[in-house]
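Good morning, and thank you for coming. Please look at the sequence and the model as I put them on the screen.

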Amino acid sequence: MPRPIQAVIHIDAVRHNLAQISRIVSPSLVWAVVKADAYGHGIERVFPALAEAGGIALLDFADAIKLRERGWQKPILLLEGFFQPQDLALIDHYQLSTAVHSDWQLKAIEDASFIHPLNVYLKLNSGMNRLGFSPASYLNALQRLKIVPQVHNITLMSHFSDADLTAGIHQQMSRIALFSSLNLPHCLANSAAALWEPDTRGDEVRCGIILYGASPSGNYADIAEFALKPAMTLRSEIIAVHHIAAGDTVGYGSRFTADKPMRVATIACGYADGYPRHAPDGTPVWIAGQRCPLAGRISMDMLTVDISECPAADIGTPAELWGKYLPVDEVAMHAGTIGYELLTALAARVPVVTTE
Ligand SMILES: *Cc1c(COP(=O)(O)O)cnc(C)c1O
């Protein structure tokens, strides 16, 4: 028997989420963002669910090439652009669309020769201060690109820092509006903006986290109305049960102390599987149809849960760490992080299965 831990990737959930998103943002085109190996779900696994996407957005050439080899003929967008001038040969060969955010990239494009038309996402730094040309230098960058004969479509791309927060998008949108008279297609919105800021949708949106059924804000309640489905379930089993007395402690550092006689279950899942080590006591684990509170520090390979209120739980009972019944956002919130981090941190040692 293998160790009972398993990640289940729900392919149909990804397909469903993509259809939901497309309906919500229609008529904007949807880029399916699959960086970080499809947010931990596996690019090759989710690929069959992406057929209706307008394009696929990612970071690595190796992934882009894999998709072309799997027969993906629609656009592929390199979100960080290319990393050295030689990469332009790959961009041309595989007909990839690329972000352009820096002067050296403009120069590389000016100096290169292309067989195919090149589609550029010219990145405007509208306030995130991570990638892109400042508003003051944007027009010049655009003019340089426009006179390169092989440059075909130029899209204005920008990225929001606060689309899920009260600060919102308004300051950045006012900088983006400086360029509205250019009539460039716009590609601005991530998941948060696409859901909550309709004015940002423009021609194309770039959605990652909601494709996988988790919330851009980190709070599952914020996306409940959109009926998205979790695309990953991390599950394991109870491998031991202990009856402990008031005053007994559980696990490393004796972090948890029982205040009454309790039943404690040990589950085969630890931080080396991708479960957050800093999850505090009380973080929910879904067992036998209910939430049971974590009790004691997460070990490398195991975690411990108070099952005193869950008489049905025993050795061999399945436990869902997150997924279909327990939103990853809920676990992440307890652990002081976001669903993105938990999903992308799923460890390589966890066996993965896919279901429709
Ligand atoms: C990751 C990323 C996205 C997708 O972000 P989500 O919040 O997961 O939707 C969009 N655009 C860029 C540039 C990104 O790097």
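I begin with the ligand: the space that the ligand takes is the largest pocket. On a 1 Å grid over the protein atoms alone, a pocket is an open set of points with protein on both sides within 12 Å along at least five of seven lines. A molecule sits in a pocket if more than half of its atoms lie within 2 Å of the grid points of that pocket.

Two remarks on method. This is a predicted model, in which local features need pLDDT of at least 70 and side-chain atom pairs count only at pLDDT 80 or more, while totals for chains, interfaces and linings use all residues. Residues are numbered from 1 along each chain as its sequence is written, and side-chain values use heavy atoms, with hydrogens and water left out.

Which residues come nearest to the ligand? Of the 13 residues around the ligand, these are K35, Y39, S191, R206 and Y340; a residue counts as near if one of its heavy atoms lies within 4 Å. Helix 2 (35-39) and strand 9 (204-207) each supply at least two residues of this shell. Helices (H or I, at least four residues) and strands (E, at least two) are DSSP runs, numbered from the N terminus.

Now to the individual atoms. A polar side-chain atom of Y39 lies 2.5 Å from an oxygen atom of the ligand, and a polar side-chain atom of Y340 lies 2.6 Å from an oxygen atom of the ligand. For I209, a backbone N or O atom lies 2.8 Å from a ligand oxygen atom. On its own the ligand has 380 Å² of accessible area, and the protein covers 91% of that; such areas come from the Shrake-Rupley method with a 1.4 Å probe.

Rings of Phe, Tyr and Trp (its six-membered ring) pair if their centres lie within 6.5 Å; planes under 30 degrees apart count as stacked, over 60 as edge-to-face and the rest as tilted.

How many aromatic pairs does a search of the whole structure find? The search finds eight. One of them joins F82 and W104 edge-to-face, at 5.4 Å centre to centre and 80° between the planes. F82 lies in the loop between strand 4 (76-78) and helix 5 (87-93), and W104 in helix 6 (residues 103-111), 22 residues apart.

Thank you for your attention.

Definitions and conventions: A polar contact is a pair of N or O atoms within 3.5 Å; within protein, one must be able to donate a hydrogen and the other to accept it, and residues adjacent in sequence count only if both atoms are side-chain atoms. On a 1 Å grid over the protein atoms alone, a cavity is a set of points where a 1.4 Å probe fits but cannot get out, and a pocket is an open set with protein on both sides within 12 Å along at least five of seven lines; lining residues have an atom within 4 Å of a point.
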